[in-house]
Amino acid sequence: MMLTVTDVTVHYGTFEAVSGASLEIGDGEVFALLGPSGSGKSTLLRGIAGLEPLTGGTVAWDGTDLATTPVHRRGFGLVFQDGQLFPHRDVAGNVAFGPRMHGASREERAARVRELLELVGLAGYERRRVTELSGGQAQRVALARALAPRPRLLLLDEPLSGVDAELREQLAVDLAGLLRAAGVSTLLVTHDQEEAFALADRVAVLDGGRILQAGPVREVWRRPADDRVARFLGVTTVVDAHAADGVVTSPLGTLSMNVEDGPVRLGLRPGALRLDAGGDIAGEVVSLAHRRDHLRLTVRVAEGLVVQAMAPVLADPAPGDPVRLTADPDGVAITRPS
Ligand code: ADP
Ligand code: MG
């Protein structure tokens, strides 16, 4: 059971919104398309769904080209940012819609609705009006509705971006568990790297309609293909370094990292460096900004090298203070000099 997208191109008039995109999604795999706004994510998803005509390339399921298969016969479940529930139907009516279209009996539909509401954590909500749901609940119902006809592929376009920031983190965790429990192959579109990394097995980074890099999430996180991908994945500072025998030496000192010998570049994310009185990196605070649950420090660590570092809210250093930092290799990406 596999989706194969080969060299897909989509135009709006003369504008090429997606250029030669190829990807595969295997059985039960969650694949994220990650990219900034306007990079062509929704267009590619819509092309795969059959909602947007392709100007080149193919979309195939198990080797069968879907070019002549209309949207509703592809067996794909769709969830968009705002859920788009049927406002005049209650929760059960929304979830039962697909099975009803497929000719399921009343009993089968009721059983399926119960099972799915259980799965999305809304057991007992059958008779609730969808206009009386919170944003998070509405998205759960949209997901249950998409899963109800047992789709062979789930297509999710920014399913959490309409939800409050506080709730979004929890919903992402729930959604990850839910997709695993449902075991359904999924293509997730998001501009939020944390969401992509929390949910997906593999990720493709899209920009300007092109896939810049695709691979297992950890690999893409640790080894961005170039500085552009690295910056999109949260890297704020890039430092030239040299690797020898598993030790990377840079103006930040030495870090143990599993990397081939030779010149490398370290991509630092804000979480890569943190305030630590016993740390080996000495610097001076340039400025600081308060974040929800930490302080973001800007620190000058060596001639001309200014980095971002995290500190606990209670640390409260002042600009000009000498500080010491520790590097966490988990927050450091490695790229090769181009
Ligand atoms: P994303 O989902 O990554 O934000 P989209 O796929 O929606 O990006 O859009 C990709 C590009 O195509 C953007 O430049 C957008 O303005 C353009 N675009 C999207 N939809 C249309 C349309 N219906 N007609 C013309 N241009 C469009
Ligand atoms: Mg979009």
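A: Let's start with Ser19. Leaving out residues up to four places away in sequence, Ser19 touches Val8, Thr9, Gly209 and Arg210. Contact here means heavy atoms within 4.5 Å.

Q: Before we go on, what kind of model is this?
A: This is a predicted model, where local features need pLDDT of at least 70 and side-chain atom pairs count only at pLDDT 80 or more, while totals for chains, interfaces and linings use all residues. Residues are numbered from 1 along each chain as its sequence is written, chains are lettered from A and ligands numbered from 1 in the order in which they are written, and side-chain values use heavy atoms, with hydrogens and water left out.

Q: OK. Which strand holds Ser19?
A: Ser19 is in β2. Strands are DSSP runs of E, at least two residues; helices are runs of H or I, at least four; both are numbered from the N terminus.

Q: Is Ser19 buried or exposed?
A: Buried, because its relative accessibility is 7%. The cut-offs are under 20% for buried, over 50% for exposed and partly exposed in between, with a 1.4 Å probe and protein chains only.

Q: What does the side chain of Ser19 join up with?
A: With the side chain of Glu16, through a polar contact of 2.6 Å. A polar contact is a pair of N or O atoms within 3.5 Å; within protein, one must be able to donate a hydrogen and the other to accept it, and residues adjacent in sequence count only if both atoms are side-chain atoms.

Q: New topic. What surrounds ligand 1?
A: Its shell includes Tyr12, Phe15, Pro36, Ser39, Lys41 and Thr43. A shell residue has a heavy atom within 4 Å of the ligand. The largest share, three residues, comes from α1.

Q: How far is Lys41 from ligand 1?
A: A polar side-chain atom of Lys41 lies 2.8 Å from an oxygen atom of ligand 1. For Ser39, a backbone N or O atom lies 3.1 Å from a ligand oxygen.

Q: Last one. Where is Val259 found?
A: Val259 is in the loop between β13 (253-256) and β14 (262-268). Val259 is buried, with a relative accessible area of 8%.

Q: Which residues is Val259 in contact with?
A: Setting aside neighbours within four places in sequence, Val259 contacts Arg223, Ala243, Val248, Val264, Ile334 and Arg336. Val259 and Thr335 are 76 residues apart in sequence, and their C-alpha atoms are 10 Å apart in space.
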